[in-house]
Amino acid sequence: MFSGPPSNLCGLAKGLHASVAIATTNLPESNHTINWNLSREAVLLLSALVLVILFVFTGLMARFYHQTERSLARQWSINGDAATQRGDLKEAVDDYRTALIYSRSNGETSSANDVYELHLAEALADSGHVEEARSYFLSLAEKQPGAAPVNLELARLAARQNNVSDAARYYNAAIFGVWEGDPASQRRAARIEFAKFLLQHGQPTEAQAQLIALASALPAASRADAPLHVQAGQLLLEAGVQSQAFSEFRRALLLDRNSLDALRGAGMAAYSLSDYRDAANYLERASRQSQLGAGEKQFLETSRAVVAHDPFAAGLSTIEQARRTAEDFSIALNKAQACATSLGATASQNLQQAIASAQGQKPQASETYLRQHADMVPAIMELAFSLEDAAMQCGPLTGDDLALQLLGRSRAGAPQ
Amino acid sequence: VSDANSVPGGLPSPGGSANPNAEIVAAPAPEAVAESGAWAQILKAIDAVRQRLALKEGSLFLLLSVAIGLFSGLAVVCFRVAIEWTRIGLLGSAISPAAPRVFVVPAIAGLVVAVLVIKFFPRVRGSGVNQTKSAVYISDGYIPFQTVIGKFVCCALAIGSGQSLGPEDPSLQMGAGIASLLGRKLKLSRDKTRLIAPVGAAAGLAAAFNAPVAAVIFVIEEVIGTWSAGVLGAIVLAAVSSVVVSRWFLGSEPFFRTPAYSLVNPLELISYAVLGIAGGFVSLLFSKLLGYVRPRLRSLPGKSEYWLPAAAGLVIGIGGIWIPQVMGAGYDFMDQAMHGQFVWYFLLLLVFGKIVATTLSFSSGAPGGMFAPALFVGAMLGAAVGGGEHILFPNATGPVGAYALVGMGTLFAGFLRVPLTSVFMVLEVSGNYSIILPVIISNAIAYLISLRFQEASIFDVLSRQEGLELPSMEEMREGQALRVEDAMRPPVEPILSSDDTVEDAILNLETRKEAKAEEFFTVRFPTGRWAGVRIPALHKFAADGHAKSRLADVLGAQRLPRLHPDQPVDLAMRLMRDWPYLPVVSRANARSLEGVLSMSDILSAYLRKSA
């Protein structure tokens with residue numbers, strides 16, 4: 001118990017640090033001295049009052065301080081954006097870092113803080129400070145595990161370091177994460193990036209899965225969506241899924257029948273699928289719009305040749321079929337003979353046997369004979385195909401010989 | 001009317017014994033007298049209730065600790081905000097201030113600080129730790145509130161203008177000052193008033209550092225020096241309260257984004273040992289430089305105390321044009337170092353630049369703390385060692401940030417010589433207990449190197465330069481206390497048994513020529529208790545007709561206090577009242593007498609030790 005001097009509430013009001021007594025000694029019936037002893041209590045009360053006032057003052061000051069910080073953070077972030085646009089990454093890093101200094105301790109603006117942190121991390125990553133960038137991204141990912149942009153950046157950092165497993169983990173988190181503003185297109189872009197990464201790292205099977213999923217979710221509402229299908233088709237073609245690629249190009253052409261990229265892609269995809277008629281058709285349409293590249297030109301010519309030499313094409317008359325067969329046989333035999341002559345004694349037995357067999361069948365391979373014996377066309381063509389295959393000993397085939405070889409393979413169902 | 005200042009056991013109020021506001025109520029008017037009976041009864045009842053509700057001093061002390069924590073937290077929040085505003089106002093908001101400002105501002109601010117310190121706040125010089133200790137040990141915990149205000153203003157100006165000093169130690173002193181004021185106003189007893197300052201110190205440091213555990217341990221390790229349950233409770237309460245306030249207003253985000261860390265390869269500990277060695281020698285360099293430069297600058301003739309802070313500011317400002325990182329507390333740059341922002345040779349430049357800048361700032365008389373500079377130097381050194389390790393051993397897994405973090409603790413252990421605080425500080429800041437092994441290894445090595453090559457800690461060096469003989473907590477920790485086993489001697493033979501008769505005992509003693517009448521012989525009881533008796537007393541028992549009685553019966557109930565060999569001698573001295581010596585018995589068997597201890601034995605032991 002405090003045993004200080006007696007005091008009263010007047011004392012509390014007048015001078016709170018001193019004890020004051022009230023004496024009732026002059027009262028005749030009561031000589032009781034009231035021991036208020038409020039000195040300590042008074043100090044405690046006063047302390048509580050001062051504490052409240054200080055709390056309010058500090059609160060106001062802290063609020064003003066945080067407002068200043070927020071404003072500075074915004075200003076420095078804007079400077080950072082400008083520096084990024086100028087391509088001055090060093091200054092951008094400094095600016096974002098300053099923004100973060102003024103933003104980081106401010107709990108009210110955690111979302112703004114995260115944005116600055118994200119910008120800083122992106123600038124750091126772009127300027128080659130991978131580890132520090134990763135630290136910021138990881139810190140952001142810890143705060144918002146589902147934040148897709150953060151996971152995408154982490155995926156890019158892992159991809160940059162060829163860390164396939166981490167990259168795959170973060171890309172998946174980005175694809176299935178939370179995007180702000182147009183999540184569908186963001187997810188699509190992330191998936192495309194992921195698929196490209198997988199293709200670059202020799203993982204076409206995983207890439208195919210991503211691309212098929214991508215293709216299934218592509219919009220097909222307007223002409224503006226055609227490029228998406230073209231891009232998907234191109235990636236599918238790269239991943240070796242030609243049929244899916246072809247259908248994506250065709251979907252693109254349905255949306256925009258004059259899309260040059262779609263025509264080119266469809267032509268290439270059709271060529272890969274041994275559909276030379278379509279290949280020639282699409283590539284011809286493309287060539288009418290724009291000049292084709294050397295490779296595409298080659299494909300167009302080969303496709304045209306295959307179509308021109310194909311005796312099995314639907315709707316051919318017997319006369320035309322016989323003419324094509326005889327011509328193909330003649331081309332193949334000439335090629336084989338030329339090859340054998342150039343090789344001399346080193347010509348393979350296979351080549352020699354094929355030539356010998358063809359020589360024996362020469363009468364049946366005449367146009368006149370074939371007009372009357374249309375059933376002999378497949379057999380003669382098989383002979384022509386075997387001659388072309390045997391002539392491969394002299395090197396890759398070109399022109400009509402290549403067309404015949406491709407025709408033969410497409411008949412056999414072999415991949416191109 | 002009682003004397004307002006006659007609190008039993010308390011201190012007189014600083015204002016003196018007179019009660020300026022005391023008043024005596026004049027005699028009441030006659031009509032009031034009739035009512036006074038009932039009024040007096042009411043007042044009596046209220047007084048009884050009040051007395052029942054009044055706090056005891058122990059409870060008040062704990063309540064006061066919370067209040068101190070809250071006040072200190074608020075003060076530190078305002079202090080940190082003031083530093084930031086000062087910095088933004090004087091140096092601008094950019095990380096790297098513009099060259100003209102850097103050149104001019106620290107010098108001018110240094111001059112202003114010097115005038116403020118010399119003319120208005122002479123007690124605010126220094127970091128605040130020794131000043132708090134001197135308040136505790138010299139002034140019974142008295143710290144004028146003017147010092148708190150002065151510390152606030154001068155440190156905010158000095159640190160905000162770019163002097164290479166930190167806000168933690170000043171916060172510690174401000175907390176102690178607030179506590180001292182409250183203690184005085186509440187007229188606490190002398191003991192409590194003396195203890196209240198460290199409570200405030202812990203609160204101030206905890207709020208400034210956002211690390212309550214490290215603050216509590218630092219105050220116990222460096223200011224109080226002892227672990228006492230009563231004080232510990234109050235210190236913890238104050239520290240927690242202040243941190244709550246600080247986090248409430250400034251957010252709970254740590255100063256640094258600490259990197260994820262796990263020790264993958266135990267061989268990596270070798271690198272941390274290397275960091276410990278480097279940290280030990282850098283701490284030595286820092287301490288020696290500060291210990292050498294400070295007295296020399298302070299002894300410069302003329303009005304040097306006016307222009308020294310300005311000159312230090314000018315030098316730091318010029319350096320700051322190229323390496324602005326060494327200006328101010330530098331927490332943001334520590335964060336950057338933790339994340340591999342700097343290359344190792346630049347980090348080493350920062351280490352030495354900061355040591356020079358801090359030495360100049362502190363020695364010039366500008367008020368401010370050394371915690372932040374020590375952390376800065378440690379972080380940069382750690383990051384440099386970590387960066388070097390990654391260059392030499394590219395497959396090393398430890399992140400540079402982990403080295404920077406450990407480096408901070410290393411400088412704390414080596415420079416400030418607070419080994420426990422250093423470990424807990426790193427753990428608390430990082431929140432990662434897997435880093436404890438590197439921290440302990442590195443800190444222990446740095447501490448031992450510093451201990452080996454520097455006699456006293458930096459706080460002791462500085463207090464001695466001030467002419468103060470403050471108790472050295474380190475010496476208390478490291479000094480070996482004299483124990484009973486160091487002073488005891490073999491027991492005086494024979495040892496009597498409580499079952500012996502008085503007659504047998506006399507016979508036993510008299511047959512031994514060495515037994516002297518003035519000797520005090522020990523008597524063993526079967527219960528393991530001991531008593532003592534002299535030959536004349538035995539003869540008296542025999543003369544009184546108790547010759548055939550057992551010693552147990554004639555010696556009565558009084559027994560000798562027992563000592564154990566491992567107990568401190570000062571305990572023995574407290575127990576040794578009327579007995580010439582006390583038995584020293586084994587802890588395993590109280591009946592086994594290992595020796596006896598007398599006051600002369602203790603004095604001889606002290607003489608031997610001092611010789």
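1. Helices here are DSSP runs of H or I with at least four residues, numbered from the N terminus. The model under review is predicted. With that in hand, start at the end of helix 5 of chain B: just after this helix, B:Gly162 takes a positive phi of about 110°.

2. Helix 5 of chain B itself covers residues 145–160, which is 16 residues. From its first C-alpha to its last it reaches 22 Å. That is close to the 22 Å expected at 1.5 Å a residue. Its buried residues include B:Thr147, B:Val148, B:Gly150 and B:Lys151. Towards the end of the helix, the buried list also takes in B:Cys154, B:Cys155, B:Ala156, B:Leu157, B:Ala158, B:Ile159 and B:Gly160.

3. Two cysteines in that list deserve a check. A disulfide would need the two sulfur atoms within 2.5 Å. B:Cys154 is buried, at 0% relative accessible area. B:Cys155 is buried as well, also at 0%.

4. How many disulfides are there over all chains? The count is one. A:Cys339 is joined to A:Cys394, with an S to S distance of 1.8 Å. The link is right-handed, with 95° about the S-S bond. A:Cys339 sits in helix 15 (residues 318–343) of chain A, and A:Cys394 in the loop between helix 18 (377–390) and helix 19 (399–412) of chain A, so the bond ties together parts 55 residues apart in sequence. A:Cys339 is buried at 3% relative accessibility. A:Cys394 is partly exposed at 32%.

5. Now chain A as a whole. It holds 19 helices and two strands. Of its 416 residues, 47% count as buried. Take the contacts in chain A between residues at least 6 apart in sequence: 54% of them join residues at least 24 apart.

6. A:Leu89 belongs to helix 3 (residues 89–104) of chain A. Is A:Leu89 buried or partly exposed? At 23% relative accessibility, A:Leu89 is partly exposed; the cut-off for buried is under 20%. Beyond its neighbours within four places in sequence, A:Leu89 contacts A:Ala123, A:Asp126 and A:Ser127. A:Ala123 lies 34 residues away along the chain, yet the two C-alpha atoms are 6.1 Å apart.

7. Back to chain B, and helix 4 (residues 129–137). Seven of its nine residues are buried, so this helix is largely enclosed by the rest of the structure. The buried residues of helix 4 are B:Val129, B:Asn130, B:Thr132, B:Lys133, B:Ser134, B:Ala135 and B:Val136.

8. Helix 4 of chain B packs against helix 6 (residues 168–185) of chain B at about 25°, with axes 8 Å apart. That makes the two helices roughly parallel. B:Val129, B:Gln131 and B:Thr132 supply the helix 4 side of the contact. B:Asp169, B:Leu172, B:Gln173 and B:Ala176 supply the helix 6 side.

9. B:Thr421 is part of helix 16 (residues 419–430) of chain B. B:Thr421 is buried, at 1% relative accessible area. Which residues does B:Thr421 touch, leaving out those up to four places away in sequence? They are B:Ala214, B:Ile217, B:Phe218, B:Glu221 and B:Phe412. B:Phe218 is 203 residues from B:Thr421 in sequence, but 5.3 Å away in space, C-alpha to C-alpha.

Terms used:
Residues are numbered from 1 along each chain as its sequence is written. Chains are lettered from A and ligands numbered from 1 in the order in which they are written. This is a predicted model: local features need pLDDT of at least 70, side-chain atom pairs count only at pLDDT 80 or more; totals for chains, interfaces and linings use all residues. Side-chain values use heavy atoms; hydrogens and water are left out. The expected span of a helix is 1.5 Å times one less than its number of residues. Buried means under 20% relative accessible area, exposed over 50%, partly exposed in between (1.4 Å probe, protein chains only). Contact means heavy atoms within 4.5 Å. Axes are lines fitted to C-alpha atoms, for helices over the stretch in contact, and angles run from 0 to 180 degrees between N-to-C directions. Angles under 35 degrees count as roughly parallel, over 145 as roughly antiparallel, 65 to 115 as roughly perpendicular and the rest as oblique.
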